[in-house]
Structures are given as C-alpha cells and as structure tokens.
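User: I am new to this structure and would like a short tour of how its parts pack together. Could we begin with a pair of helices?

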Amino acid sequence: MKVLVTGADGLLGSNLVRELLERKCEVRAFLLPNSPSQTLDGLAIEKVEGNILSPADLKKAFQGCDAVIHAAANTNIWPDRSEMVRRVNEEGTRNIVEAALQAKVKRMVYVGTANTFGFGSKSQPGNETQAYKSAKYGLDYMDSKRKAQQIVLEACQNKGLPAIVVNPTFMLGPYDSKPSAGAMIVAIYQGKVPGYTSGGRNYIYVKDAAVAMCNALKMGRIGECYILGHHNMNYKEAFGKIASVVGVKAPGLPIPSFASLLYGAIGSFGAKVTGKAPTVSLAMARISTDEHYFDARKAQEELLLPQTPIEQAIRESFDWMRTHGVC
C-alpha cells in the first residue's frame, strides 16, 4: 500500500511514518517547501513539497497513492482568532477531501483532535457522542478543527468519501523537534513550572496513536470518529509523574483558578500591546482550569488502540529531546 502523509515531519507524523514503514508500506511525505524535516532524515520515504492550500500541489501528490493520512494542521493558539489557522485547517482539509475523491483513494484517515467533542470528569469522561464544548475558549484552532471534521464527515455521507476520523488527546513521545507537547516536560525539568492549576487532561503515547491510525487504514467504520487517548490525570498528578521520570522535584504550589485567569488576562493584554505571543494567554488559562478527560474505549475495541504506560512516553520524549539538544 502506498500512503500519502501530510504533516509528516511533526511529532505525530514522524512516528506515523515509522509505523507505516514497519508495516512495509510505501510512504510519500507531503511537506511544506524548504521544510527542515530532520526527524525524517535517513528514512526510506519519498518526500514531495507542496501546500495543502494548493489543489494543484495535492493533485500531483495524490498520484499513485492508495490512501492518505491527513495529519497537517495549524495548531497556533495565539492570536485567538487567525485567518491563516482557519484557512489551513478548513480550506486545507476541504482540498484534501476533493483530492482524495478525485484520486479515488481506498481510505482516508483524518487526524482531528479530541477537543472537538465534549470533555468530562474522571468519573464521566467525554466520548464521541458528547457535543462540542470548546467554543467557549474563543480559539480558531479548536473551532476550525471542529469545522474540518464536519467537512470530512459530510463528504463521507454525501460524496462517498471512504474516510475515518481519529481524535488524539495530548500526545507525548520521541521526535518532538519543536518541541510541542514536550515543552511541558522541558519546563518541568528546568524548574520553570512553580505549581499546578485545578484542571487536567488525557494523555497518550504518540506511538500508540500512530498504531491506531495505521490500523484505521483497514479497520474501523467509514464516517465514524475515534478518540485516541489513555491516561486521565489532573495537573498535579501529571506534573508529579513527569518530575519522577526526569528526576527532578515536582511542582508543589496549587494555583487557584482566579490567579491563573488573572495571569492569563495580563498575558493577553500585554501581548496585544507588544505584539509578542504571551507565555500564557487568557484562553490558555481558562483551558488549564477545566477537566479535559476522555474515554477511548471505542478506539480500543475497533482500532485496537494500545495503552502503553504514560511513563514510557515521558521517558522517550525526554531522552530524545536531551539527545538532540532540545533540553
């Protein structure tokens, strides 16, 4: 099987490409022009340059491919509202859908986010049936990912697109070159996180997510969504686990919600004045005080989603970043 992968040089994409190669798939990595893509160096893959906002680029990239995994996205959450974020995530996904239909691929896997569903508590975590809650944060990233998911599902229903949507939670693991999720691990290792807020989230080993996505090329039901998650932890638990793995003292200061929100409001105001992205915006602060817990049983049952202990994900993320000079 020849698989086109968009966003192939990110944390998820880099692990996804390796999982596909393990399965003896041919991989065509679709990358932005002049993308460094060091995490893909030395792999037996075909690299093609282009932009998902260009239908002509996509038409060429899809030629000869049996399937596509669309992982590319603009994940910026500052500024809160961004035309480019909306264009990349919505228009880009619409272009991918049209290209997949024209190329008559056998399967498309669209990588969404668990935040397009309603989150819940530890006792009643959110699942694929829960209505979208994250509109309250006022972020184009979350809103556009929700819209992009709808574009894919509508194409399944109305145009016969053979697609499945996967919705990962917070992914940790190796090849995090930015770093993205690993930035939290670096900050705790360097003692830059004084405390923890009242919220929490679901975490998953990125390699487990990659396995389920590759399984989705042959498993799962067309037009269905699958949350890819594992461990629900509040921030005190998560930071403590990270600190234990990397060998430092855990942040011990509980931060009241009002203090977190005030800090975020000051950050957003200052960013608007200076034009520099804040360390913490008001939207980020609001997210940090909510419980973003999810249930991944559907993906475990239908996509055989593994559930590797999150300690392994933290260790591999930290070891990779330390080896490659990120921390």
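**Helix packing and cores**

Analyst: In this predicted model, H7 and H11 pack at an angle of about 55°, and their axes lie 10 Å apart.

User: What is the handedness of the crossing where H7 passes H11?

Analyst: The crossing of H7 with H11 is right-handed.

User: Which residues meet there, and of what class are they?

Analyst: From H7, the residues are Lys241, Ile242, Val245 and Val246, and they meet Ile310, Glu311, Ile314, Arg315 and Phe318 of H11. By class, this contact has 6 nonpolar, no polar and 3 charged residues.

User: Now H5 and H11: at what angle do they pack?

Analyst: Helix H5, residues 182–189, packs with helix H11, residues 310–323, at about 75°, with the axes 10 Å apart. H5 and H11 are therefore roughly perpendicular to each other. On the H5 side the contact is made by Gly182, Ile185, Val186 and Tyr189, and on the H11 side by Ile314, Ser317, Phe318 and Met321. These residues divide into 6 nonpolar, 2 polar and no charged.

User: Changing topic, which residues touch the most other members in the largest nonpolar core?

Analyst: They are Leu20 and Leu228, in a core of 62 residues. Helix H7, residues 235–246, gives the most to this core, with 7 residues.

User: And what does Leu228 touch, leaving out residues up to four places away in sequence?

Analyst: Leu228 touches Val166, Asn167, Pro168, Thr169, Ile204, Ala209, Ala212, Met213, Ala296, Ala299, Leu303 and Leu305.

User: How many residues are in the second, separate core?

Analyst: The second core has 39 residues, including Ile52, Ile96, Met142 and Ala148.

User: One more residue: where is Lys298, and is it buried or exposed?

Analyst: Lys298 sits in helix H10, which covers residues 297–302. Lys298 counts as buried because its relative accessibility is 18%, and the cut-off for buried is under 20%.

User: Which residues does Lys298 touch, again leaving out those up to four places away in sequence?

Analyst: Lys298 touches Glu128, Arg221, Glu224, Cys225, Tyr226 and Leu303.

User: And how far is Lys298 from Gly220, by C-alpha atoms?

Analyst: The C-alpha atoms of Lys298 and Gly220 are separated by 9.7 Å, although the two residues are 78 residues apart along the chain.

Technical notes. Residues numbered from 1 in each chain as written. Predicted model: local features only at pLDDT ≥ 70, side-chain atom pairs only at ≥ 80, totals over all residues. Heavy atoms only, no water. Core = buried A, V, L, I, M, F, W, Y, C linked by side-chain atoms within 4.5 Å. Buried < 20%, exposed > 50% of the residue type's maximum accessible area, 1.4 Å probe, protein only. Helix = DSSP H or I, 4+ residues; strand = E, 2+ residues; numbered from the N terminus. Contact = heavy atoms within 4.5 Å. Axes fitted to C-alpha atoms, helices over the stretch in contact; angles between N-to-C directions. Parallel < 35°, antiparallel > 145°, perpendicular 65-115°, else oblique. Nonpolar A, V, L, I, M, F, W, Y, C, P; charged D, E, K, R; others polar. Left-handed = near helix turned anticlockwise from the far one by under 90°.
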